[in-house]
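Take a look at the sequence and the model below.

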Amino acid sequence: MAKGEGAESGSAAGLLPTGILQAGERPAQEPKKKKQLSICNKLCYAVGGAPYQVTGCALGFFLQIYLLDVAQVNPFPASIILFVGRAWDAFTDPLVGFCISKSSWTRLGRLMPWIIFSTPLAIITYFLIWFVPDFPQGQELWYLLFYCLFETLVTCFHVPYSALTMFISTEQSERDSATAYRMTVEVLGTVLGTAIQGQIVGQANAPCLQYLNGSAVASESANRTYSITSLRETQNAYLLAAGVIASIYVICAVILTLGVREQREPYETQQAEPMSFFRGLRQVMSHGPYIKLIAGFLFTSLAFMLVEGNFALFCTYTLGFRNEFQNLLLAIMLSATFTIPIWQWFLTRFGKKTAVYVGISSAVPFLILVALMESNLIVTYVVAIAAGISVAAAFLLPWSMLPDVIDDFHLKQPHAHGTEPIFFSFYVFFTKFASGVSLGISTLSLDFAGYKTRGCSQPASVKFTLKMLVTMAPIVLILLGLLLFKLYPIDEEKRRQNKKALQALRDEASSSGYSDTDSTELASIL
């Protein structure tokens, strides 16, 4: 039989039979081109996911209670800050994706320059979010401005980092393995964010206020002078936590930059001109598996974001654990960290769709238990640890499945290269925009329910609203997401077929004159 002479470029469908046969008849040195990622490479790549999670966890869990009880912003403007900030954050994802798609390859790659140059500005704006300005008028604009600036800059970090998944290796198994490393480190990042922010801030709780006849007075345990001093200590504690988290951000960005190198697909380098952004966007949005994946995970992500955004207030006022909520958060995240490897094994053994059904639905019984039980600290800790198992699945599975969708797209659109940032940025866009709506509505709901800023206790209507936001609303969203996810078409058999087809496409590109020397030269960007 022929050994591949005279092979011609063509569509993916035309290459499959020939490519698969040729792959088995190539010389012995052919497998050497499939370089596996070392553990060091995977760890350096994984560490890059920590900055987004550390800062996002601190903002997600603590920004709402910080604005209401420390900065003393009224609930309505606080809801505007949270909604506009998340909505702007969502808008910047496709905008940054568009800019990346127009970026040229440099000595550092196409994605790394965005990560490097956004980092110093991001840590400055993050620190200023947690600073309480001296002027009472215009505080809302201060927080809105720096919240939006930080979200823009962290998007310039996270979108290229997410797209980097497709450029660290051409092997599907290697990308899945690197994704598992990444998810483990990202959950560790949430543990760090929770521990640093929660433990530092938890040592300096501002005194609460008793409301009598509609006016606030300091509680009996603190006079007015002590109340002001203690509030200032709480503000300084938030600044200290911000400084520690900013340092972690810089260290992780440096490790990522030094330890990871982008790789280009062999068949991509043969394309004459990159596809325009809007043409690529039309093709991405018309790809059925992508839309179905977004629809399913949109609802499940919203469920966990509602819990995240309101958990601190729920523990403080509904359950009455004012000094325990940071420890409960830590229990959830530690549980999630330890179960990430278990879910990686589970999805490898039983498939990703099965892992979705089992992993995410496992949160429902515990949310029901929280809704029905009375305030009990021991039971709450047990529920928190069990809920961490589901949180781990929610972390791992979306980012593990998105590369499968991109592989499927590349087979159907073999000449549509450079679309990876569009896939990742719009996936994050829909999730963030919906989460902004949910956070804005939840904070506004607290305002309508009669939330009292820095109150020692809240009206029954506020406690009931918090319970609905943390239990019943997430349950409904999870069930809707799982129903939509049944439409997702890429199962394990489809993944195996796509893997063979993509390998045939790469082999065809290699046999057309793309040597190993050329691959190394292009990987270092000449």
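## Cysteines

A search of the whole structure finds zero disulfides (a disulfide is a pair of cysteine sulfur atoms within 2.5 Å). C57 is buried, at 3% relative accessibility. C315 is buried too, with a relative accessible area of 0%. Here buried means under 20% relative accessible area, exposed means over 50%, and partly exposed lies in between (1.4 Å probe, protein chains only).

## About the model

This is a predicted model: local features need pLDDT of at least 70, side-chain atom pairs count only at pLDDT 80 or more, and totals for chains, interfaces and linings use all residues. Residues are numbered from 1 along each chain as its sequence is written, and side-chain values use heavy atoms, with hydrogens and water left out.

## Overall build

The chain has 18 helices and two strands. Both are DSSP runs, numbered from the N terminus: helices are H or I with at least four residues, strands are E with at least two. The chain holds 526 residues, and 57% of them are buried.

Contact means heavy atoms within 4.5 Å. Take the contacts in the chain with a separation of 6 or more: 85% of them join residues 24 or more positions apart.

## The nonpolar core

In soluble globular proteins, nonpolar side chains tend to be buried together. A nonpolar core is a set of buried Ala, Val, Leu, Ile, Met, Phe, Trp, Tyr and Cys residues joined through side-chain atoms within 4.5 Å. The largest one here has 147 residues, and Y66, W130 and L164 have the most contacts inside it. Helix 10 (residues 288-318) gives the most to this core, with 16 residues.

What does W130 touch, leaving aside its neighbours within four places in sequence? Its contacts are A58, L59, F62, L63, Y66, Q197, Q235, Y238, L239 and A242.

## Helix 10 meets helix 15

Helix 10 packs against helix 15 (residues 420-449) at an angle of about 40 degrees, with the axes 9 Å apart. Axes are lines fitted to C-alpha atoms, for helices over the stretch in contact, and angles run from 0 to 180 degrees between N-to-C directions. Residues of helix 10 in this contact include Y290, F297 and L306, and those of helix 15 include F423, F430 and S438. The contact residues divide into 16 nonpolar, seven polar and no charged.

S438 sits in helix 15. It is buried, with a relative accessible area of 13%. Leaving aside neighbours within four places in sequence, S438 is in contact with L302 and L306. S438 and L469 are 31 residues apart along the chain, and their C-alpha atoms are separated by 9.5 Å.

T380 lies in helix 14 (residues 377-412). Is T380 buried or exposed? T380 is buried, because its relative accessible area is 7%. Beyond its neighbours within four places in sequence, T380 is in contact with L319, F321, L328 and M373.

G56 is in helix 3. G56 counts as partly exposed, at 29% relative accessibility. G56 and G193 are 137 residues apart in sequence, yet 8.1 Å apart in space, C-alpha to C-alpha. Q72 lies in the loop between helix 3 (50-70) and helix 4 (75-101). Most residues other than glycine have a negative phi. The phi of Q72 is positive, near 60 degrees. Q72 counts as partly exposed, at 38% relative accessibility.

Terms used. Ala, Val, Leu, Ile, Met, Phe, Trp, Tyr, Cys and Pro count as nonpolar, Asp, Glu, Lys and Arg as charged, and the others, Gly among them, as polar.
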